[in-house]
Amino acid sequence: MIDLSVFSERLNDYMIDKNLNSVSLSKDIGVSRSTISELRRGAFLPSYTTFTKLIEYFNCSADYLLGISNDEKENYNFKPIKPFVDRLRLFLKQEGKSQYGLVKQKKISGAIVYDWLHNNMLPSIENLNKIAEYFECSIDKFLGREK
């Protein structure tokens, strides 16, 4: 389960380690300063796009940053994130699972899954976690960052 307070704490820790403030991080990853400030406060989880920018910028585990795992994987050589729609289609095929199963088991709208599969939208971080749970893998593995 995602812990918003752990996410904000770990984001702040990474920023301190790199001697960053909200302004410098926002410039480095191309999001607004107010978004970074709100994330640091624990007001909400980031969008998929902002989240992937953060984990790539800090070269950190998605699962660790979200508080799902306590394995920081320091100095891990993460691969670049693969396109979401490609990963979802690949996992459905490789795992022999269906989009219907994802909808029913994880209680996600069929219209949303349809939009994901047709590259019309990206998932929320909560739904990204549900997808990883459905495929019984880490978020990092689902994103194509791990071997």
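Predicted model: local features only at pLDDT ≥ 70, side-chain atom pairs only at ≥ 80, totals over all residues.
Trainee: Noted. Where does Asn19 sit, and what is its phi near?

Mentor: Asn19 is in the loop between α1 and α2. Its phi is near 55 degrees, a positive value in a residue other than glycine.

Trainee: Is Asn19 buried or exposed?

Mentor: Exposed, with a relative accessible area of 71%.

Trainee: And Lys107? What about its phi?

Mentor: Positive as well, about 55 degrees, although Lys107 is not a glycine. Lys107 belongs to the loop between α7 (99-106) and α8 (110-117). Its relative accessible area is 70%, so Lys107 is exposed.

Trainee: Back to α4. Which of its residues are buried?

Mentor: Tyr48, Thr50, Phe51, Thr52, Leu54, Ile55 and Phe58.

Trainee: Take α2 and α4. What is the angle, and how far apart are the axes?

Mentor: The angle is about 100 degrees, and the axes are 10 Å apart. Here α2 covers residues 22-29 and α4 covers residues 48-58.

Trainee: Roughly parallel or roughly perpendicular?

Mentor: Roughly perpendicular. Angles of 65 to 115 degrees count that way.

Trainee: Which residues make that contact?

Mentor: From α2, Leu25, Asp28 and Ile29. From α4, Lys53, Leu54, Tyr57 and Phe58.

Trainee: How do they divide by type?

Mentor: Five are nonpolar, two are charged and none is polar.

Trainee: New topic: rings. How many aromatic pairs are there?

Mentor: The structure holds 11. One of them joins Tyr48 and Phe84. That pair is edge-to-face, 5.8 Å centre to centre, with 75 degrees between the planes.

Trainee: What does the Tyr48 and Phe84 pair tie together?

Mentor: Tyr48 lies in helix α4 and Phe84 in helix α6 (residues 84-95), so the pair ties together parts that are 36 residues apart in sequence.

Trainee: Are those two buried or exposed?

Mentor: Tyr48 is buried, and so is Phe84.

Trainee: How about Tyr76 and Phe78? Stacked or tilted?

Mentor: Tilted, because the planes are at 50 degrees. The ring centres are 4.6 Å apart. Tyr76 is partly exposed at 27% relative accessibility. Phe78 is buried, at a relative accessible area of 9%.

Trainee: Which rings are linked into a cluster?

Mentor: Tyr48, Phe84, Phe91, Trp116, Tyr134, Phe135 and Phe142. Ring pairs do the linking.

Trainee: On to the largest nonpolar core. Which residues touch the most other members?

Mentor: Leu88 and Phe142. The core has 43 residues.

Trainee: What does Phe142 touch, outside four places in sequence?

Mentor: Phe84, Arg87, Leu88, Phe91, Leu128, Ile131, Phe135 and Cys137.

Trainee: Phe135 keeps coming up. How far is Leu92 from Phe135?

Mentor: They are 43 residues apart in sequence and 8.4 Å apart in space, C-alpha to C-alpha. Leu92 lies in helix α6. Leu92 counts as buried at 12% relative accessibility.

Trainee: What does Leu92 touch?

Mentor: Leaving out residues up to four places away in sequence, Leu92 touches Lys97, Ser98, Gln99, Leu117 and Phe135.

Trainee: You mention Gln99. How far is Tyr114 from Gln99?

Mentor: 8.3 Å, C-alpha to C-alpha, and 15 residues in sequence. Tyr114 is in helix α8. At 43% relative accessibility, Tyr114 is partly exposed.

Trainee: Last one: Asn129. Which helix holds it?

Mentor: Helix α9, residues 125-134.

Terms used. Residues numbered from 1 in each chain as written. Heavy atoms only, no water. Axes fitted to C-alpha atoms, helices over the stretch in contact; angles between N-to-C directions. Helix = DSSP H or I, 4+ residues; strand = E, 2+ residues; numbered from the N terminus. Parallel < 35°, antiparallel > 145°, perpendicular 65-115°, else oblique. Contact = heavy atoms within 4.5 Å. Nonpolar A, V, L, I, M, F, W, Y, C, P; charged D, E, K, R; others polar. Core = buried A, V, L, I, M, F, W, Y, C linked by side-chain atoms within 4.5 Å. Buried < 20%, exposed > 50% of the residue type's maximum accessible area, 1.4 Å probe, protein only. Phe/Tyr/Trp six-rings, centres within 6.5 Å; stacked < 30°, edge-to-face > 60°.
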